Amino acid sequence: MNSNNTTLLKQWFLILCAVLITGTNVSAQVADTTITEKKGFFRKGAFSFSGSLDTYYSYNFNKPGPLENGGTTGVGRIFDLEHNRIAFGMLRTMVAYETEKTEIVGELAFGPAAELANFGNTGTSILIKQAYIKHSLGKKFSFKVGQFGTHIGYELVDANANFNYSLSYLFGNGPFYHTGLLLNYAFSDKVQVMAGIVNGWDNISDNNKGKSFVGQLALSPSDDFELYLNWIGGNEDGSEITGDSTKSYKQMVDLTSTYSVTEKFNIGVNAAFGTYKFDNNNFSAWGGAALYLNYNFTDLFAIGTRVEYFDDDRGVQYLGAKYTGLTLTGIFTLANGAVLIKPEIRHDRSNKNIYSAEISGPKTNGEVKFKKYQTTAGIAVIGVF
């Protein structure tokens, strides 16, 4: 671990200790994380403390070299990059204070996954996963301000919140988080709308005068069916700092839906399409879709699959190819949900030679080659508190 990471870990540890010291009545629970109640003239509410920790082992049958030598599980895999190693994913802790109308959240995260998901932040800010204030103005209208996870997409950074451990191409496409202001209005329990202004994609600060706008239409026709239509768009290129006055417009439309066919069988869908107009003339696009099928055999074991397709052949984002993926994941739930064990096998294919593979032998000298496919198998252990 380098000195920068050591310093960040110490700072994170001191912040966590401060939280624990100030919250003397801490009693962490899986189902109910309420730890103390504060009463006063201005407020009456409860503190809560929760979090998760994940670690994993992954084996790539292409047998790439070590991560530091350019051998990874391949382009498109975001966090579980290590091959043939036991690796740490992320430790996150969240402290929240809630009243009848107000929610104040501070969530810290540390580890390789936290750094990748929070790459727009620097210094000690990289530890901040979420830090926001949410307040209700009446029964229908509320606002949220600060840094918060994105509303776009089916999956989350938190390993315990997703069925599959490895993350989809759509998730890797981003965004991961935003800094800004959101306004939410509930027409009813079944229809809600959200609109806001943010510092672009994964930015705690901004590099230009332009902002991005976001929106969401949330529909819940029944307890078994939910649908979200999401959008983000804005100019996020030209920088006053560098003197670059390039004009661009980047936007994405995202559809997310879940449907419980029965109490045991669930279907999820995610589809997205983005466009990027830059230099006032050039225009390009990317997009993809994923289907999720999950079945809970018992409270202790469930199995699910994800089938996905992603097209960034023009390299608008960073992948520069077309991809398909098939992932099969099992979940063993232990200790009333405090421990999750996820064995997983995944096969990816691309239209280009993009997956790294180390070719051993006297004629190759251990040279790293690339293939159009890769298969990985692994297991993750996740603790939830």
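Guide: Begin with a definition: a salt bridge is a side-chain nitrogen of Lys or Arg within 4 Å of a carboxyl oxygen of Asp or Glu. The model shown is predicted. In it, the side chains of R306 and E308 meet in a salt bridge, at 3.3 Å from N to O.

Visitor: Are R306 and E308 buried or exposed?

Guide: Both R306 and E308 are buried.

Visitor: With which residue does E155 form a salt bridge?

Guide: In general, side chains of opposite charge can pair when their charged atoms come close. Here E155 pairs with R306, and the closest N and O atoms are 2.9 Å apart. E155 lies in the loop between β6 and α3, whereas R306 belongs to strand β14, so the pair ties together parts that are 151 residues apart in sequence. E155 and R306 are both buried.

Visitor: Which residues are linked in a network of salt bridges?

Guide: The network links E155, R306, E308, R346 and D348. Within it, the side chains of D348 and R346 meet at 3.0 Å, N to O, and both are buried. The whole structure holds 10 salt bridges.

Visitor: Which residues of the largest nonpolar core touch the most other members?

Guide: That core has 26 residues, and those touching the most other members are Y169, V214, I232, M252, W286, F310 and Y323. Its largest share, 3 residues, comes from β13. Beyond its neighbours within four places in sequence, V214 is in contact with residues including H151, L182, M194 and W231. A second, separate core of 12 residues includes I78, A117, V157 and Y177.

Terms used. Residues are numbered from 1 along each chain as its sequence is written. This is a predicted model: local features need pLDDT of at least 70, side-chain atom pairs count only at pLDDT 80 or more; totals for chains, interfaces and linings use all residues. Side-chain values use heavy atoms; hydrogens and water are left out. Helices (H or I, at least four residues) and strands (E, at least two) are DSSP runs, numbered from the N terminus. Buried means under 20% relative accessible area, exposed over 50%, partly exposed in between (1.4 Å probe, protein chains only). A nonpolar core is a set of buried Ala, Val, Leu, Ile, Met, Phe, Trp, Tyr and Cys residues joined through side-chain atoms within 4.5 Å. Contact means heavy atoms within 4.5 Å.
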